[in-house]
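Please read the following paragraphs with the sequence and the model side by side.

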Amino acid sequence: MKIATFNINGVKARLPRLLEWLDEFQPDVACLQEIKSVDENFPRLEIEAAGWKVETHGQKSFNGVALISKHEIADIRRGLPALDGSEETEDEQARYIEATIKGVRIASIYLPNGNPQPGPKFDYKLAWMDRLIKQAERLLATEMPVVLAGDYNVIPEDVDCYSPSAWVDDALFQPESRAKLRTLTYLGYLDAIRQIKPAGPAFTFWDYQAGAWQKDNGIRIDHLMLSPQAADLLKDAQVDRKPRGKEKASDHTPVWVELDI
DNA sequence: ATGGTAGAAGGTCTA
C-alpha cells in the first residue's frame with residue numbers, strides 16, 4: 001500500500017500535473033495540501049473520471065487539504081478537535097482531514113507556516129501543533145496503523161536545509177517548532193524518510209525564487225509520521241524529485257511510504 | 001538590504 005503526501009500549491013493550476021502524477025505513481029492514497037479552493041470548486045469530476053475517490057476540506061484562496069484514493073474513504077474528520085477533544089474551537093483555517101482507508105487511519109496535514117516570528121502567526125502555529133499532538137495521542141490509543149502525512153512547515157534538523165544560517169530567523173527552523181515535532185517522535189511516531197535514509201539531505205521543497213531548484217537549495221518539511229503499528233509495516237519511503245522538475249510544477253514534490261498491506 | 005516567483009484573486013495576502 002503506497003501512501004503519498006503532496007503539497008500541490010493550488011489544485012486548479014496544478015490539475016494536469018496532478019492527474020499525470022496520479023496516473024504514473026498510482027498511489028493507494030494521496031494526501032494533498034494547499035488546494036487553495038473551496039470544496040465546490042475543487043476539480044472533483046476530472047479526478048473522479050480518472051477512477052479516484054475524493055474527499056476535500058477547503059476554504060477560499062488559502063490552505064485546504066484533500067484525500068484521494070482508489071479505495072473507499074471512510075469515517076472522515078474535517079478539522080482538528082480542540083485541545084480537550086471537543087469540537088468547540090472549530091478552526092476557520094482548513095488544514096486537517098483524517099479518514100480510514102484499507103484499515104489505516106490517515107491524515108492530510110497542512111501545518112501553519114508561522115512567519116513572521118515572533119508574532120501572532122507563530123503563536124497560532126505552536127498552538128496548532130499542540131492540538132495536533134493531542135490528536136496524535138488519541139489516534140495511538142486506537143491501536144490502528146496511523147499515518148500523519150503532510151506539509152509540517154518544520155525543518156527537523158540542520159541537515160534538512162541547504163544553509164542553516166539562512167533559516168535561523170524563520171518560523172520553520174525555530175527550536176520551539178522543532179521541539180514540538182520531536183514530541184510526536186517521543187509519543188512513538190516514526191519519521192518514515194529518516195528510518196529509510198538515516199543521514200543526508202532529502203529535500204521536499206524548493207522556493208520558486210532565486211533558482212533554488214536549479215541550485216538544490218531545498219528544505220525537508222513534508223513528512224510522513226507513522227504510529228508503531230504502521231511502522232511495523234514499513235517497506236520503503238522515498239522523496240520523488242521528478243515532479244519538481246516539470247513545467248508548471250508545485251514548489252513541493254511528493255513524498256511516499258509503502259506499507260506491507 | 002532588497003527583491004526575487006507563484007497562486008487565488010481580481011484587493012493584496014500568503015508563502
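Strand β1 is mostly covered, since five of its six residues are buried; here a residue is called buried if 20 or more other C-beta atoms lie within 10 Å of its own, exposed if 12 or fewer, and partly exposed in between, with C-beta atoms placed from the backbone. Helices (H or I, at least four residues) and strands (E, at least two) are DSSP runs, numbered from the N terminus. The model is a predicted one, in which local features need pLDDT of at least 70 and side-chain atom pairs count only at pLDDT 80 or more, while totals for chains, interfaces and linings use all residues. Residues are numbered from 1 along each chain as its sequence is written, and chains are lettered from A and ligands numbered from 1 in the order in which they are written.

Which strands pair with β1, and in what sense? On one hand, β1 is joined by five bridges to β2, and these two run parallel; on the other, β1 pairs with β14 (residues 255–259) in the antiparallel sense over four bridges. Two strands are said to pair if DSSP finds at least two bridges between them. In general, strands of a sheet pair through backbone hydrogen bonds, either parallel or antiparallel.

These strands belong to an open sheet of six, with mixed pairing, in the order β3-β4-β2-β1-β14-β13. The edges are taken by β3 (53–57) and β13 (234–239), each of which has a single partner strand, so one side of each is left without a neighbour in the sheet. From one strand to the next, the twist of this sheet averages 15 degrees, where axes are lines fitted to C-alpha atoms, for helices over the stretch in contact, and angles run from 0 to 180 degrees between N-to-C directions.

Helix α3 can then be viewed together with helix α5 (residues 175–187): their axes come within 10 Å and cross at roughly 0 degrees. The two helices are therefore roughly parallel to each other, a description used for angles under 35 degrees, whereas angles over 145 count as roughly antiparallel, 65 to 115 as roughly perpendicular and the rest as oblique. The contact is made by K125, L126, M129, I133, A136, E137 and L140 of α3 and by E176, S177, K180, T183, L184 and L187 of α5, residues being in contact if their C-beta atoms, placed from the backbone, lie within 7 Å. These contact residues divide into seven nonpolar, two polar and four charged; Ala, Val, Leu, Ile, Met, Phe, Trp, Tyr, Cys and Pro count as nonpolar, Asp, Glu, Lys and Arg as charged, and the others, Gly among them, as polar.

N9, found in the loop between β1 (2–7) and α1 (11–25), has a positive phi of about 55 degrees although it is not a glycine, and with 18 C-beta neighbours inside 10 Å it counts as partly exposed. E34, in the loop between β2 (29–33) and α2 (44–49), also has a positive phi, near 55 degrees, in a residue other than glycine, but E34 is buried, with 23 other C-beta atoms within 10 Å.

Finally, turn to DNA strand B, which is surrounded by 18 residues, the closest being G10, K12, A13, K36 and N113; a residue is near a molecule or strand if its C-beta atom, placed from the backbone, lies within 6 Å of it. Helix α1 gives the most to this surface, with three residues, and the residues of the surface divide into six nonpolar, seven polar and five charged.

How values were computed: Contact = placed C-beta atoms within 7 Å.
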